[in-house]
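I opened a notebook for this model and wrote down what I looked up, entry by entry. The structure comes first, then the notes.

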Amino acid sequence: MNLKYKKIAIKLGSNVLAAKNGLPDKELMGKIVAQIAALRKQGVEIVLISSGAVAAGRSIFPVNKKLDTIAQRQVFSSIGQVELIKIYTELFASQQLYCSQVLVTREDFRSRTHYVNMKNCLSALLGNGIIPVINENDVVSVSELMFTDNDELAGMVASMLNMDALFILSNVDGVFNGDPKKEGTKVIPVLDAAKTDFSKFVVSSKSDFGRGGMITKCRNAQKIADLGIAVHIANGKNEFTIAELMKPEAPGTLFPPRKNTSNAKKWLSQSANYVKGEIIVNEGAKNALLSEQATSLLPIGVVKIKGSFEKGDIVKIKSEEGTSLGVGKAEYSSEKAIQRMGKQKHRALIHYDYLFLD
C-alpha cells in the first residue's frame, strides 16, 4: 500500500453539501462517502467535519419571523442535524461502515483535560473503524462560543488527532491569484510562504450557506500547515476530488506542512480565545523566548501581570512594547506570579513544553 496520507481530516462546506434547491445533495454525498469508504478499506483513518445542518433545517422547515437570528439558527440546526446524520448513516451503511455523530462547541477545547478526553473518544472511534462525523453544536452555540466557521473546527480536530492532512472542500477550485470571475485568473497550486498577505489577491466574499470566506480559509490553512499538517483547499463538487487529493499531482491549492509540533503545543496553538490574563516580559526574557534554544519563562523576566488566572489557565505573553509573543499554560496562579515577579530561584511560570510562540 503506497498512500500519500494515512490519516486525514475532511471538511465539507455547506455549499458542497447543498443542491441548488438548498436541500442536501444526496447523490454527491453518496459519491463522497464511497471515496471515504474506499480509503478506509485501505487502512486510512478518516474524520469527517461536516457542515450542512443549518442549511438542511432551513430547507425543510418554514422560517418563523417571530424568532431572532440566533433562535432561528438553533431551530434550523436542531432539525437539520437529524436529517444530516440520517443521510450519512444510510450512506455509510451501504458501504458496510459505521459512522458516529460528534457535536462540539469552542468551549470543549478550552480545558486540557476536556481536550484529552475528546481526543481519546475520537481515537477510540477511529480505532474501531468508525467514521466520526463532527459538527459545531449550533443548538447551544452563541456568539462567544461559536467557531469562526467549520474550517476552524476542522483545523482544531486535525491538530488534535495529529492528522497527516486536512482537506478543506468548498465549491471553488482552490485559492486563485485574483478574482476568479475575471479572465486569466488561475488557481495557485502551492502556497508555501511563511507569512502571506492573502488580502492582496484573495476575494473576500462569503459563501451562500456558510459563515466563512476564502481569506479566513487561507489564514486557518496557513496556521495548520505551520503545525506540520498538509492542508488542501479544493472543489468538493467534483465527484472524485478526495481520491485525486491522495495522488502526487493533487487538484486545488496545497499549503505544505512546515514543522512538527508536540500535542500540547498543538492544543495551545488553538487556545488564543481562552486567555485568562497577560504576562508582560522584559527585553531579556523576550530575546530568550525567541531564540532557537528551548527556553521556559522564568519569573525573573516578568515585569507585569494583567488579569487574574489560576494554575493551568491559558495566558498571553507580551513584550513591554505590547507585541504579542505567544501563549502558555500557567504553572501557578497570578497571585503567586506577582509575588515572584522579577525574582530569581523560582520555578518557571510557563514551562517550555506548554509554551506556544507566535
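Entry 1: I began with an open sheet of 7 strands in the order 3-4-2-1-5-6-7, with mixed pairing. Strand 3 and strand 7 (253-255) stand at its edges with a single partner strand each, so one side of each has no neighbour in the sheet. From one strand to the next the twist averages 20 degrees. For the terms: strands (E, at least two residues) and helices (H or I, at least four) are DSSP runs numbered from the N terminus, and two strands pair if DSSP finds at least two bridges between them. Axes are lines fitted to C-alpha atoms, for helices over the stretch in contact, and angles between N-to-C directions run from 0 to 180 degrees.

**Entry 2: what I am looking at.** I noted that this is a predicted model, in which local features need pLDDT of at least 70 and side-chain atom pairs count only at pLDDT 80 or more, while totals for chains, interfaces and linings use all residues. Residues are numbered from 1 along each chain as its sequence is written, and side-chain values use heavy atoms, with hydrogens and water left out.

**Entry 3: the whole protein.** I found 11 helices and 12 strands. Of the 358 residues, 51% count as buried. Buried means under 20% relative accessible area, exposed means over 50%, and partly exposed lies in between (1.4 Å probe, protein chains only). I also looked up contacts, meaning heavy atoms within 4.5 Å. Among contacts in the protein with a separation of 6 or more, 73% come from residues 24 or more positions apart.

**Entry 4: strand 4.** How many residues of strand 4 (residues 131-136) are buried? I counted 6 of 6. In a regular strand the side chains alternate between the two faces of the sheet. In strand 4 both faces are covered, with Ile131, Val133 and Asn135 buried on one side and Pro132, Ile134 and Glu136 buried on the other.

Next I checked the partners of strand 4. Strand 2 (residues 45-50) runs parallel to strand 4 and is joined to it by 2 bridges. Strand 3 is also parallel to strand 4, with 6 bridges between them. Ile134 is the bridge partner of Ile49, and Ile134 is the bridge partner of Val102 as well. From strand 3 the chain passes through helix 5 (residues 112-127) to strand 4, in a right-handed β-α-β crossover. Right-handed means that, with the strands pointing away from the viewer, the path from the first strand over the helix to the second runs clockwise.

**Entry 5: further along the sheet.** I saw that strand 1 (residues 7-12) and strand 5 run parallel, joined by 5 bridges. Leu12 has Leu169 as its bridge partner in strand 5. Helix 7 (residues 214-226) lies across strand 1, strand 5, strand 6 (230-235) and strand 7, at about 155 degrees to strand 6.

**Entry 6: helix 3 on helix 4.** At what angle do helix 3 (residues 53-60) and helix 4 pack? I read about 100 degrees, with the axes 6 Å apart. The two helices are therefore roughly perpendicular, a term that covers 65 to 115 degrees. The contact includes Ala53 and Ile60 in helix 3 and Phe76 and Gln81 in helix 4. Its residues divide into 7 nonpolar, 4 polar and 3 charged. Here Ala, Val, Leu, Ile, Met, Phe, Trp, Tyr, Cys and Pro count as nonpolar, Asp, Glu, Lys and Arg as charged, and the others, Gly among them, as polar.

**Entry 7: Gln81.** Is Gln81 buried or exposed? Gln81 counts as buried because its relative accessibility is 8%. Apart from neighbours within four places in sequence, Gln81 touches Ala53, Gln101, Leu103 and Asn135. Gly52 is 29 residues from Gln81 in sequence, and their C-alpha atoms are 7.9 Å apart.

**Entry 8: two positive phi values.** Gln96 is not a glycine, yet I found its phi positive, near 60 degrees. Gln96 sits in the loop between helix 4 and strand 3 (99-104), and Gln96 is exposed, at 62% relative accessibility. Asn162, also not a glycine, has a positive phi of about 55 degrees. Asn162 is in the loop between helix 6 (150-160) and strand 5 (165-170).

Note on methods. Angles under 35 degrees count as roughly parallel, over 145 as roughly antiparallel, 65 to 115 as roughly perpendicular and the rest as oblique.
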